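Morning, everyone. Have a look at it first.

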Amino acid sequence: MRACVRWPCLLGACQTVFARLLYGPEPAFSRTWRIQPDGGGDAPTIQAGIDSAAAGDTVLVHPGTYPENINFLGKAIVLQSSSGPDVTTLDGTGLGPWVVAFESGESRASVLEGLEITGGESGILILSAQPTVIGNIITGNSGISIGGGILCGAATPFPWYPLIQGNTITDNYATNLGGGIGTEQLMVPEILDNY
């Protein structure tokens with residue numbers, strides 16, 4: 001009697017199990033949370049949209065100015081503007097040191113795209129995380145020691161690889177180093193085509 005081993009099927013099953021262990025289960029469906037500057041839409045604030053979103057969801061921000069600081073909370077979601085950074089502003093003036101925080105091990109599936117980020121001591125904090133920051137205007141942030149526009153740091157002994165691409169990073173200031181982007185040890189950001 002001849003044994004029949006189906007290697008391609010076994011290999012495919014192993015790849016699926018490995019992917020689910022690495023990235024978590026695939027979401028059954030994804031949802032778009034629409035945010036309006038007047039508090040209308042699916043959630044009253046951008047942070048409320050993030051709080052409500054699940055992995056694979058999109059938080060879609062409509063044109064206007066949003067006076068708030070946000071934290072991705074480790075979620076693999078896309079936060080993007082509907083009409084681009086010229087008309088969609090996240091303003092953290094007087095609200096804390098960072099306008100946007102990635103500090104819960106976010107992966108590149110956590111995406112910030114198409115907003116103006118302003119008014120913080122640092123515009124974006126990336127701490128022990130590796131999100132995707134793409135197509136934003138990061139301007140008018142000042143007062144922190146390192147990384148006025150974007151601060152990349154690590155609190156855990158593991159190399160982190162955030163993607164920072166296609167952003168306009170201008171008129172930010174740091175008291176020590178890295179007015180535009182400041183990077184500490186164990187951070188290896190991929191920095192591409194920023195202006």
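Salt bridges first. How many salt bridges does the count come to? The count comes to 2 salt bridges. The rule is this: a side-chain nitrogen of Lys or Arg lies within 4 Å of a carboxyl oxygen of Asp or Glu.

Before I go on, a word on where this comes from. This is a predicted model, in which local features need pLDDT of at least 70 and side-chain atom pairs count only at pLDDT 80 or more, while totals for chains, interfaces and linings use all residues. Residues are numbered from 1 along each chain as its sequence is written, and side-chain values use heavy atoms, with hydrogens and water left out.

Now the pairs themselves. Arg 31 and Asp 42 form a salt bridge through their side chains, at 4.0 Å from N to O. This pair links distant parts of the chain, 11 residues apart. Arg 31 sits in the loop between helix 1 (7-23) and strand 1 (32-35). Asp 42 sits in the loop between strand 1 and helix 2 (46-52). Helices and strands here are DSSP runs, numbered from the N terminus: helices are H or I with at least four residues, strands are E with at least two.

Are these two buried or exposed? Arg 31 is partly exposed, at 36% relative accessible area. Asp 42 is partly exposed too, at 38%. For the cut-offs, buried means under 20% relative accessible area, exposed means over 50%, and partly exposed is in between, with a 1.4 Å probe and protein chains only.

Arg 31 has another contact. Which ring does Arg 31 lie over? Arg 31 lies over the face of Trp 33, 3.6 Å from the ring centre. To count, NZ of Lys or CZ of Arg must be within 6 Å of the ring centre and within 35 degrees of the ring normal.

On to the other salt bridge. Arg 108 and Glu 190 meet through their side chains at 3.0 Å, N to O. Again, the pair links distant parts of the chain, here 82 residues apart. Arg 108 is in the loop between strand 7 (98-102) and strand 8 (111-113). Glu 190 is in strand 19, residues 190-192. Arg 108 is partly exposed at 34%, and Glu 190 is partly exposed at 35%.

Stay with Glu 190 for a moment. Which residue stands opposite Glu 190? Leu 163 does. Strand 15 (residues 163-165) and strand 19 pair in the parallel sense over 3 bridges. Two strands pair if DSSP finds at least two bridges between them.

7 strands form an open sheet, in the order 1-2-5-8-11-15-19, with parallel pairing. Strand 1 and strand 19 are its edge strands, each pairing on one side only. From one strand to the next, the twist averages 10 degrees. For such angles, axes are lines fitted to C-alpha atoms, for helices over the stretch in contact, and the angles run from 0 to 180 degrees between N-to-C directions.

Look at strand 5 in that sheet. Strand 2 (residues 58-61) pairs with strand 5 in the parallel sense over 4 bridges. There, Leu 60 has Gln 80 as its bridge partner. Strand 5 also pairs with strand 8, in the parallel sense, over 3 bridges. Here the bridge partner of Gln 80 is Glu 113. In a regular strand, side chains alternate between the two faces of the sheet. Which residues make up the covered face of strand 5? Leu 79 and Ser 81 do, while Val 78 and Gln 80 make up the uncovered one.

5 strands form it, in the order 3-6-9-12-16, and the pairing is parallel. Its edge strands are strand 3 (64-66) and strand 16 (168-170). Within it, strand 6 (residues 88-91) and strand 9 (residues 116-118) pair over 3 bridges. Asp 91 has Thr 118 in strand 9 as its bridge partner.

Last, the aromatics. The whole structure has 2 aromatic pairs. Phe 72 and Phe 102 form a tilted pair, 4.4 Å centre to centre, with 35 degrees between the planes. Rings of Phe, Tyr and Trp (its six-membered ring) pair if their centres lie within 6.5 Å; planes under 30 degrees apart are stacked, over 60 edge-to-face, the rest tilted. Phe 72 and Phe 102 are both buried. Phe 158 and Trp 160 are edge-to-face, because their planes stand at 75 degrees, with ring centres 5.1 Å apart. Phe 158 is partly exposed at 44%, whereas Trp 160 is buried at 12%.
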